[in-house]
Amino acid sequence: MQDKQFGAKSSFGFITVDRISKTFPNGVVALSEFTTHILRGEVVVVIGPSGSGKSTFLRCLNGLEDIDSGSIVVDGIVLDDNKKNRLEIRKEVGMVFQQFNLFPHMTVRDNINLAQRLVRKKTRAEATEMTMDLLRKVNITEKADAFPAQLSGGQQQRVAIARALAMMPKVMLFDEATSALDPEMIGEVLEVMKTLAGEGMTMVVVTHEMGFAREVSDRVIFMEAGKIVESGTAEHFFNHPREERTRAFLSQILT
Amino acid sequence: MNSLSQKARIKIRFFQNPSPLIDILKYLAVILAVIWLISAGTEKLGYNWQWYRVPRYIFTFEDGHLAAGPLIQGLMVTFQISGISLLLSFAIGLTAALFRLSDSRAARFLARCYLEMIRNTPLMVQLFFIYFVLGPVLGIERFFSAVLALSLFEGAYASEIFRAGIVSIHKGQWEAAYSLGLSRFNTYRCILLPQAIRRILPPLTSQGISLIKDSALVSIIAVYDLTMQGQVIIAETFLTFELWFTIAAIYLAVNVTLSVLVNLMEDHLGVQASP
């Protein structure tokens, strides 16, 4: 973690999540008084059983889900109903989805060019230059003119990462980015994520990959029923968990 | 199947997969029966077929030049009305669909009112209303009354098709566009509509064909389209059977051509292949 391309870790909160709550219309409580601070350059891995609210937490961070109460501040911008603020946050926060969500009617190049041209107002040449750089980074330059359906799952997810990076985000959110992949393709995607973490990108990662959490994360958050059960460094979390519930969860997934 | 005799099995296979020759024979038999029925019926009526008098209403010779007869002139009016209405109805339909899907309660209400009002009243009443009530008030002439009525009518149905197409696009597409910072307008323009249009092309074609057929109704406000021209000629010549057959054949030819063209376009766009 020497090369800090995205700025050094600092002590102040880069993302401040203050007592956010969210209940879905069907009565399911996804988040309840959830509070955390994420530092610049920090890699936070969020784990927990299904239905614990980890994906909802991630989706609240860029406003994909609205919160019922509490506040979220990203890089000094308050995420509220103000459309301008919201747009700023959407530009600064990149997101990678479980189902990739590439645009099926566009080539890989156009998928990555699109937001650069429409949102960042770049010319086609400028956008394409950056796109090719990013495709080199995720190691898939030869597929620039292919359509998403012609790619494997792992390749699609790497393109999706490149597409999010093209907006030069300050934070990257990964929502179970490897869960829909065949086992042999998980490695190539995790590799790209590790590289990003090494460059100092601020990352919030919801995953079931404990290896990734152990190796790459600065902090692990274990949550259940919309609350943080336990939070700490990977070393602490995997080797000396305090809570009984954490131990039970770990014993289930690590055997 | 084991208990069935060899003969029975052949019989079953025969009824499941009869040879194409059998199909053709059945088809011819049906056609012959229909022709026999009509000719027997008209004979009983004492109808005097005069097909030779029809071509002059399709094409006429003037000074050695081939000129369009009244039926073709009427067809051109039908084309004009249908063409303009088609474009307008798709524009109205898309707008209404976007209103229905918008966050604004007022826009959704407005679109809903439009849809229910148009869908639950007869096109003929709408035509009369626009021509006799709105026409004099707003100073709309005959032709544009017809275009307006047809566009509003077909637009209501097109809006439901557009809405279904947009809603059918996976939510993840919208979410990806959102998290990239795309505006709502650009999300529709670049992501949702290009994908939706591939899916809704088949029902939209049906709607277009309906529009051409419904355009026959404009004859009731005396717009000289294909149907109106036919009625005029029949009034003069009493060639009732010949002309209605001819007019039906012209509509059929136009709409079949349209279907085939859209089919080709679907193949080109890869409608079947889209996920």
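Trainee: How many nonpolar, polar and charged residues line the largest cavity?
Mentor: This is a predicted model in which local features need pLDDT of at least 70 and side-chain atom pairs pLDDT 80 or more, while totals for chains, interfaces and linings use all residues; side-chain values use heavy atoms, without hydrogens and water. A cavity is a set of points on a 1 Å grid over the protein atoms alone where a 1.4 Å probe fits but cannot get out, and its lining residues have an atom within 4 Å of a point. Ala, Val, Leu, Ile, Met, Phe, Trp, Tyr, Cys and Pro count as nonpolar, Asp, Glu, Lys and Arg as charged, and the others, Gly among them, as polar. By class, this lining has 8 nonpolar, 2 polar and 1 charged.

Trainee: Which elements give two or more residues to the lining of the largest cavity?
Mentor: Residues are numbered from 1 along each chain as its sequence is written, and chains are lettered from A and ligands numbered from 1 in the order in which they are written. The lining includes A:Gly94, A:Met95, A:Ala160, A:Arg163, B:Ala176 and B:Ser179. Helices (H or I, at least four residues) and strands (E, at least two) are DSSP runs, numbered from the N terminus. The elements are strand 6 and helix 5 of chain A together with helix 8 of chain B.

Trainee: What is the volume of the largest cavity?
Mentor: The count comes to 1 cavity of 30 Å³ or more. A volume is the space filled by probe spheres set on the grid points, which are joined across faces, edges and corners. For the largest cavity, this volume is about 60 Å³.

Trainee: Which residues lie nearest the centre of the largest pocket?
Mentor: A pocket is an open set of points with protein on both sides within 12 Å along at least five of seven lines. The largest pocket has a volume of about 1100 Å³, and its lining divides into 14 nonpolar, 6 polar and 13 charged residues. Of the 33 lining residues, those nearest the centre are A:Arg90, B:Asp103, B:Trp174, B:Tyr178 and B:Arg184.

Trainee: What covers the buried residues of helix 3 of chain A?
Mentor: Buried means under 20% relative accessible area, exposed over 50%, and partly exposed in between (1.4 Å probe, protein chains only). In helix 3 (residues 108–118) of chain A, 8 of the 11 residues are buried, so this helix is largely enclosed by the rest of the structure. The buried residues include A:Val108, A:Asn111 and A:Leu118. Their cover includes helix 4 (124–137) and helix 5 (153–165) of chain A together with helix 9 of chain B.

Trainee: Is A:His105 buried or exposed?
Mentor: A:His105 lies in the loop between strand 6 (93–96) and helix 3 of chain A. Leaving aside neighbours within four places in sequence, A:His105 is in contact (heavy atoms within 4.5 Å) with A:Phe147, B:Cys190, B:Ile191, B:Pro194, B:Gln195 and B:Arg198. At 16% relative accessibility, A:His105 counts as buried.

Trainee: How many residues apart are A:Arg136 and A:Asp133?
Mentor: The side chains of A:Arg136 and A:Asp133 meet in a salt bridge (2.8 Å, N to O). Both residues lie in helix 4 of chain A, about one turn of the helix apart, which is 3 residues.

Trainee: What is the phi of A:Lys121?
Mentor: Most residues other than glycine have a negative phi. A:Lys121 lies in the loop between helix 3 and helix 4 of chain A and counts as exposed at 65% relative accessibility. Although A:Lys121 is not a glycine, its phi is positive, at about 55 degrees.

Conventions: A salt bridge is a side-chain nitrogen of Lys or Arg within 4 Å of a carboxyl oxygen of Asp or Glu.
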